[in-house]
Amino acid sequence: SSYNFVIGPLYPSHFNDVCDYALINKQKTIIPFSSKVTNIQDNPYLYLLNTPNTVYYEKVAKLFDKTFQSARTIFVRTANADKLEFTDHLMQHFLNNKYEVQTLPNTFVNEDLERVLTEEKQNIFIFDGSDWDSNFKLIQSLVNFKIANPRYNIKLVGHNEWQVHAMDNADILHEVDTYIIATDYYDAYNKAVIDFEENYKNMFNTYPLIYHPRIGELGYDSGLFMLNAMALYGNNFTNQDFSANYLQTKLKFEKISHNGGYVNTNILFIHYTPDQQIECIELK
């Protein structure tokens with residue numbers, strides 16, 4: 001072929017055809033939007049930008065172990081429990097590794113908090129739902145309790161979907177010492193991001209779509225990754241490690257099985273610290 005790699009497809013109905021083409025022609029192919037590509041298990045030419053759930057759960061557990069030594073975890077059962085599979089998996093990991101684990105209903109009051117909290121360790125709250133609007137009152141309750149009871153070391157682990165609301169709600173995220181689990185981080189104040197979006201505007205007469213993740217930046221980062229990989233290692237590139245000036249999504253690929261393709265395993269915590277800083281904690 002006269003090209004080095006393919007980015008796509010968009011629609012799941014095209015996955016099999018594109019994956020078969022990649023395998024037959026030994027054509028490296030980045031699939032940018034879906035993590036549910038069964039062909040990845042036996043096709044060494046596929047690269048998934050979105051981490052499959054099984055890998056995602058494992059990496060988050062490792063990042064948690066690295067970040068929160070000696071902690072008590074408190075799982076809050078919310079009304080919109082769209083992350084229940086994930087939090088149940090995480091809870092089982094904690095139980096297997098002798099963490100202290102507690103649960104709370106979303107109707108918790110201060111007396112319930114005092115019952116499950118400890119002064120001896122970090123207290124890490126995790127909600128089993130990602131809906132910001134329904135979680136906001138619970139977060140505010142944690143903030144109020146934390147201010148009134150500074151003897152407790154309280155932290156909150158949030159979901160990737162919260163990034164959409166982070167800029168408008170940064171104060172409360174800082175107050176409760178929040179760690180958002182993420183695969184990407186969009187920093188609107190980053191000069192490289194600002195320059196990219198201005199160049200995009202000049203070229204297409206519109207700014208990139210406001211979406212999560214930012215699709216314009218995702219396209220840039222995935223192209224940057226593959227072009228750098230090809231420039232450094234040629235067509236023999238697989239998953240060698242190298243650095244690049246990514247705008248939003250730092251890509252790090254791992255082979256999923258002996259005969260399989262590669263999945264992006266860059267998982268991080270976006271930490272909104274109590275002193276109004278934002279830091280990214282990566283799983284090395």
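**Exercise 1: A charge and a ring**

Determine where the charged end of Arg 214 sits.

Solution. The charged end of Arg 214 lies over the ring of Tyr 186, at 4.0 Å from the ring centre. A charge sits over a ring if NZ of Lys or CZ of Arg is within 6 Å of the ring centre and within 35 degrees of the ring normal. The model is predicted: local features need pLDDT of at least 70, side-chain atom pairs count only at pLDDT 80 or more, and totals for chains, interfaces and linings use all residues. Residues are numbered from 1 along each chain as its sequence is written, and side-chain values use heavy atoms, with hydrogens and water left out.

**Exercise 2: A pair between helices**

Classify the pair formed by the rings of Tyr 56 and Phe 86.

Solution. Step 1: a search of the whole structure finds 26 aromatic pairs (rings of Phe, Tyr and Trp, the latter by its six-membered ring, with centres within 6.5 Å; planes under 30 degrees apart are stacked, over 60 edge-to-face, the rest tilted). Step 2: the ring centres of Tyr 56 and Phe 86 are 5.8 Å apart and the planes meet at 50°, so this pair is tilted. Step 3: Tyr 56 belongs to helix H2 (residues 53-67) and Phe 86 to helix H3 (residues 84-96), so the pair ties together parts 30 residues apart in sequence. Helices here are DSSP runs of H or I with at least four residues, numbered from the N terminus.

**Exercise 3: A cluster**

Which residues do ring pairs link into a cluster with Tyr 47?

Solution. The cluster joins Tyr 47 to Phe 225, Tyr 233, Phe 237, Phe 242, Phe 253 and Tyr 262 through ring pairs.

Methods
Helix = DSSP H or I, 4+ residues; strand = E, 2+ residues; numbered from the N terminus.
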